[in-house]
Structure formats: C-alpha cells, structure tokens
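Q: I have a model open and would like to talk it through with you, piece by piece. Could you keep to what the coordinates show?

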Amino acid sequence: MLKNVFRSMFHVSIFVLLVFVLLLTPSCKKSTGESSSEQTKQQSSNNTRKEAEQTNEASVQLIPLDIKLPKPMFVGTPQNIRVPNLEKPLGRPRPPFLAPVGTENVALGKRVTGSDEEPIIGEIEMITDGDKEGADGSYVELGPFLQHVTIDLEAKYDIYAIVLWHFHKQARVYFDVVIQVADDPDFVTNVRTLFNNDHDNSSGLGIGSDMHYVETAEGKLIDAKGVRARYVRLCSNGNSSNDLNHYIEVGVFGKPAK
Ligand SMILES: [Ca+2]
Ligand SMILES: [Ca+2]
C-alpha cells in the first residue's frame, strides 16, 4: 500500500516536472530569440558607428602640404646677423607639414589691401600672384617703419598654415612680424594672433614671444591649427638691412569652412 502511494507520488512529480519543463522551454526560446535580435541590432549599430568613424577619419586624413618653393638666392645662413631672440636655422630642409586632404592656397589671386597702397616698388597685388622668386621684379617694397597688408579670402576658411616670403635675395630679419586673422577687414571682430615676434610691443599689438628668423627661399611657415577666418593681416616694421618692408608672396593654406 505504502509502496503504491510512493509510486503514484513519483509519477505525479514526474508529471509536474514535465509540465514545468514544457512551460519553460518556449519562454526560454523566446528570450534567446529576443537576445539574439538584440545582439544583431547592437552589431549593426556597432558597424554603423565603425563606418561613421572611418568616414570621419577619411575626411580628416592628413597629407604633406604641397608648397612650391622658389629658387634659393643664397646658400646657408650668414652668421653676421646680430639680432636678439634669433631662431637657430634648422640646417636642413623644413620637414613636411601635414594638413587635411584638399588643403590648398586659398589666398592665390585674392585682393590685398594695406597701410601703404602705393608701394615704392611693385604692386600690392603681387603679394598673392603666386610668384615667390627672390629676384628684383618679384617683390613689393612698402614704406618705412610699421606697415601691414591684409588679404581678403572672400569667405571663411579653416586655415592650417600661412607661408610668407618677405624677401630672400639676401639673408635678412624682419622686425615686429605679427600675423593675425579676423572676421572683419578692420580687425575688430574675433581677432586672433597666430604669430608675434614684437618683444617690446612697439607695434601696439601686444607683446609677442615668437622668435626672430632669417628669411630664406623656404619662406616662414606658421601653423594656423585650423583657425576659421576670412581676413589675414601681416605686420612688419623694417628689417635688419633697412627700415623698409617687403613682401614677395603670402600663401594661406586652408579649406572652405563648412
Ligand atoms: Ca608674389
Ligand atoms: Ca618691436
């Protein structure tokens, strides 16, 4: 009798266990189904993110800036220039400067104005005509002491580098070289200084900590770090040979602002 009771209890518990397993199985499957669709979703969102990152990377891919250099007019750096805070020459060609793909000289052919619009030699338009040669006929000579020129890029650009040639027929140092960008031609709105080697604020544009440098055919490259602006202004205040100011070419390397 007791044996029969145990047997029937055993059967009941087997039955309960079976029902339990049957009830659980679909819900387990469902939950697995859900989690796998969740995983697919996650995977596809990961893929989309990866693709977006790749596109982003491609759009900011950096390549060496293509700067066409003029013929050098002298070899080596003369040691007889006595100027304080003079940058030591590198002694080898300037290393490539990396900028986003599509960066080009957006100053080429653009309008130039300045504090001396009737230069002693040459025309002010020559500053953006693409000619960087050091010989006579390629440079503009502006009046003595503090002078500036302003380039209107005609639209806002993300500027990565400014390369300028004052004069490279002979080794010279130009004083109070200050390079600024702004949103307006009068340099009132959003003025940012990219370079300043005026150590005593004689130009009135603030004290600069950049070094004096000797002009060469390589020009002076200023890292503009992607600054966004329409107007570029360059100041100078004579040079180590005379009080006059010269410009051969100014290249502004950038991309249209988006
Ligand atoms: Ca030129
Ligand atoms: Ca000064």
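Q: Which residue in β11 is the bridge partner of Ile159?
A: The partner of Ile159 in β11 is Gly254. Before going further, note that this is a predicted model, in which local features need pLDDT of at least 70 and side-chain atom pairs count only at pLDDT 80 or more, while totals for chains, interfaces and linings use all residues. Residues are numbered from 1 along each chain as its sequence is written, and chains are lettered from A and ligands numbered from 1 in the order in which they are written.

Q: OK, and how many bridges do β6 and β11 share, and in which sense do they pair?
A: β6 and β11 pair in the antiparallel sense over eight bridges, where pairing requires that DSSP finds at least two bridges between two strands. Strand β3, residues 104-105, also pairs with β11 in the antiparallel sense, over two bridges, and there Asn105 has Phe253 as its bridge partner in β11.

Q: Is β11 mostly covered or mostly open?
A: β11 is mostly covered, with six of its eight residues buried. A residue is buried if 20 or more other C-beta atoms lie within 10 Å of its own, exposed if 12 or fewer, and partly exposed in between, with C-beta atoms placed from the backbone.

Q: Stepping back, what is the overall secondary structure?
A: The protein comes to one helix and 11 strands, and along the sequence the pattern reads α-β-β-β-β-β-β-β-β-β-β-β. Helices (H or I, at least four residues) and strands (E, at least two) are DSSP runs, numbered from the N terminus.

Q: How much of the protein is buried, and how many contacts join residues at least 24 apart?
A: Buried residues make up 28% of the 258 residues. Among contacts between residues at least 6 apart in sequence, 78% join residues at least 24 apart, a contact being two residues whose C-beta atoms, placed from the backbone, lie within 7 Å.

Q: Which residues have the most contacts inside the largest nonpolar core?
A: They are Ile159, Ile162, Val232, Val250 and Val252, in a core of 42 residues. Such a core is a set of buried Ala, Val, Leu, Ile, Met, Phe, Trp, Tyr and Cys residues joined through C-beta atoms within 7 Å. At least two residues of this core come from each of β5, β6 (146-165), β7 (178-182), β9 (220-237), β10 and β11 (249-256), and β6 gives the most, with 11 residues.

Q: What does Val232 touch, sequence neighbours aside?
A: Leaving aside its neighbours within four places in sequence, Val232 is in contact with Ile151, Leu153, Ile162, Val181 and Val252.

Q: And β10, which way do its side chains point?
A: In β10, residues 244-247, Leu244 and His246 point one way and Asn245 and Tyr247 the other, and all are buried. In a regular strand the side chains alternate between the two faces of the sheet. β10 pairs in the antiparallel sense with strand β5, residues 140-144, over four bridges, and Tyr247 is the bridge partner of Val140.

Q: Where does Phe167 sit, and what is it in contact with?
A: Phe167 lies in the loop between β6 and β7, and it counts as buried because it has 22 C-beta neighbours inside 10 Å. Leaving aside neighbours within four places in sequence, Phe167 is in contact with Tyr139, Arg172, Glu215, His246 and Ile248.

Q: New topic: what is the phi of Asn85, and of Phe187?
A: Asn85 has a positive phi of about 50° although it is not a glycine, and the phi of Phe187 is near 55°, again a positive value in a residue other than glycine. Most residues other than glycine have a negative phi. Asn85 is in the loop between β1 and β2 (98-100), and Phe187 is in the loop between β7 and β8 (192-196).

Q: Why does Phe187 count as partly exposed?
A: Phe187 is partly exposed because 16 other C-beta atoms lie within 10 Å.

Q: Last one: what is the mean pLDDT, and where is it below 50?
A: The mean pLDDT, the predictor's confidence in each residue from 0 to 100, is 85, and 77% of the residues reach 70 or more. Over residues 14-36 the pLDDT is below 50, and beyond near neighbours in sequence this stretch has zero contacts in the model.
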